Amino acid sequence: MPRNLSPIMAQFQDQPALIEEGRGAWLEACLHKVDEAAGEFAKIEASNDNEFWFDPDDYRSYYRPYKVKDGILHVPVKGVLLNNFPYSFGSWATGYEYIFEAVKRGMEDSNVRGSAFFITSGGGLVSGNFDLNDKLYAFRGRKPMRSYASEHAYSAAYSIATVGDSITVARTGGVGSIGVVVVHMEISKALEERGITTTIIRSKPGKMEGNGYETLSEGARERIQGRVDEFHTQFAAIVARNRGLTVEAVDATNALTFMPQQAIDNGLADEIGNFDDALTAFVATINSEGDEEMADPTYSKAQLDEAVAAAVATATATAKAEGVSEG
């Protein structure tokens, strides 16, 4: 019989994912940790007063950190990346909603002169990732953003890294895995061995296709492949837009992962360095007299919302157009 899955784990069952291929055990470990903390998240939601951010001395702020040091907002992108998960949960999981809200607050905060994405993640869900990317891309040019792969930024995490003005990779780290995957699990033979027969009565041949109780039909396989290919096209177009590459160049990476110098050579990264040194250089840059104009003033919520809406529409149209013409 199939395993009982938590709602968090079930999001990855037979669904397209942006995960580096060697991170299966890591993914399962992260999701188990999130599942164990589900009660805590439910308690936070139940006590929420409709304000996203909590006071620094409130224990709940641990799950939604807002850390600003030397004018730099530190945005953690760690663990498995999830949609509809408005938290930063240690090294185990980060929600797309949390990342957006943190950067948006930083853009509105006059004490913030730049944002740093601190990334260690093997990827996450397709759902929510591309929308987050477009919304973050809309903030470009308002305040500097830098991405640091302190170890690895793969797949969904690399997608987020590309919104930074530059990407720095630790010498033992890596980036890439620009691809999409679906894992289909069939349990029909296991059921048969237990003497269990499953009968599926359909109103249409395509109803419930791709289920785990019967052999995957060729038509179902083709349609799942079509979804994977479409998401890959969108992913490649987004990376090409953000990194100033052609879609063909991004596609030619073949969803592989790359060590730092390899990533620099193929345009997926800009520098090799550790997080502390790179962050120190970032602080010096934004506080230097020559870059005074880069630290723009505080923007009102209405201005930011308008800019995001306009840029998302433009970015989405651009990504689709590039995907159709070159994907």
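Reader: Which residues of helix 5 meet helix 8, and which residues of helix 8 do they touch?
Author: This is a predicted model, and the contact here counts heavy atoms within 4.5 Å. On the helix 5 side you'll find Phe130, Asn133, Asp134 and Tyr137. Their partners in helix 8 are Phe231, Gln234, Phe235, Ile238, Arg241 and Asn242.

Reader: Is helix 5 roughly parallel or roughly antiparallel to helix 8?
Author: Helix 5 spans residues 129–137 and helix 8 spans residues 218–243, and their axes sit 11 Å apart. The packing angle is about 15°. Angles under 35 degrees count as roughly parallel. So helix 5 is, relative to helix 8, roughly parallel.

Reader: Which hand does the crossing of helix 5 and helix 8 have?
Author: The angle between the two is about 15°. As for the hand, helix 5 passes helix 8 in a crossing that is left-handed.

Reader: How do the residues of the contact of helix 4 with helix 5 divide by class?
Author: Helix 4 brings Tyr96, Ile99, Phe100 and Val103, while helix 5 brings Asn129, Leu132, Lys135 and Leu136. Lys counts as charged. The tally for this contact is six nonpolar, one polar and one charged.

Reader: Moving to the second largest pocket, which element gives the largest share of its lining?
Author: The second largest pocket has a volume of about 280 Å³. Strand 3 (72–78) and helix 11 (275–287) are the elements that give two or more residues to its lining. The largest share, four residues, comes from strand 3.

Reader: By class, what does the lining of the second largest pocket have?
Author: Among the lining residues are Tyr62, Lys67, His74, Gly90, Phe118 and Leu279. Gly counts as polar here. The lining has seven nonpolar, three polar and two charged residues.

Terms used: Residues numbered from 1 in each chain as written. Predicted model: local features only at pLDDT ≥ 70, side-chain atom pairs only at ≥ 80, totals over all residues. Heavy atoms only, no water. 1 Å grid on protein atoms, 1.4 Å probe; cavity = no way out; pocket = protein on both sides within 12 Å on 5 of 7 lines; lining within 4 Å. Points joined across faces, edges and corners; volume = space filled by probe spheres on them. Axes fitted to C-alpha atoms, helices over the stretch in contact; angles between N-to-C directions. Parallel < 35°, antiparallel > 145°, perpendicular 65-115°, else oblique. Left-handed = near helix turned anticlockwise from the far one by under 90°.
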